[in-house]
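Visitor: I have a model on screen and would like to learn how to read it. Where do we begin?

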Amino acid sequence: FNIALMAHFYQVCKKADTGSTAETGGYFVYLKKSSFKKLLVLSFATVGVALLAALLCWFPLFYVTVPLSMSGVIFAFNSDLSVKENLTASFKLGNKYWLPVFGMILLAGNIGNIGIIACGIGVLFTAMFAYIPAYYIYKDTIGFEENSADRMTTSEIDF
């Protein structure tokens, strides 16, 4: 459920960033029957990878947080990829830029938690700030349909 809502959030970010007037659908557009099975398998796969990393004495969990955070944005803009291809692409992208992405996730997560200081209700307004770095990393590295020469394409991420 969370990945589906985040995928819609990334679509709204793209719409606001590009100034597009295209309709992004409702919040639950990714929960339709056509992508529900893939979404469910992707959710189980990410939980399985995180659980396996946690069972390996918690240190690998820091390593897999970056690639797993990228899997949602890759699913949002490449929903036609299989679950294995999605995880492979997210690990390749996450490994390539691990340290800067980890730093941005920590910084944006802490800024997103500032809403707790505002009597708790502020979390509703600041929580989504933690997910914005993943969108911009995807936009600047892989990009969208109008890829430029300096951006990676999904074909450069070997599946």
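**Reading the pocket and a helix pair**

Guide: Helix 3 gives the most to the lining of the largest pocket, with five residues. Helices here are DSSP runs (H or I, at least four residues), numbered from the N terminus. This is a predicted model: local features need pLDDT of at least 70, side-chain atom pairs pLDDT 80 or more, while totals for chains, interfaces and linings use all residues. Residues are numbered from 1 along each chain, and side-chain values use heavy atoms, without hydrogens and water.

Visitor: How do I read two packed helices?

Guide: Two packed helices are described by the angle between their axes and the distance between the axes. Here the axes of helix 3 (residues 59-77) and helix 5 (residues 98-112) come within 10 Å and cross at roughly 85°. Axes are lines fitted to C-alpha atoms over the stretch in contact, with angles from 0 to 180 degrees between N-to-C directions. The two helices are therefore roughly perpendicular (65 to 115 degrees).

Visitor: Which residues of helix 5 make the contact?

Guide: W98, V101, F102 and I105. Contact means heavy atoms within 4.5 Å. From helix 3 come F62, Y63, T65, V66, P67 and S69.

Technical notes. Angles under 35 degrees count as roughly parallel, over 145 as roughly antiparallel, 65 to 115 as roughly perpendicular and the rest as oblique.
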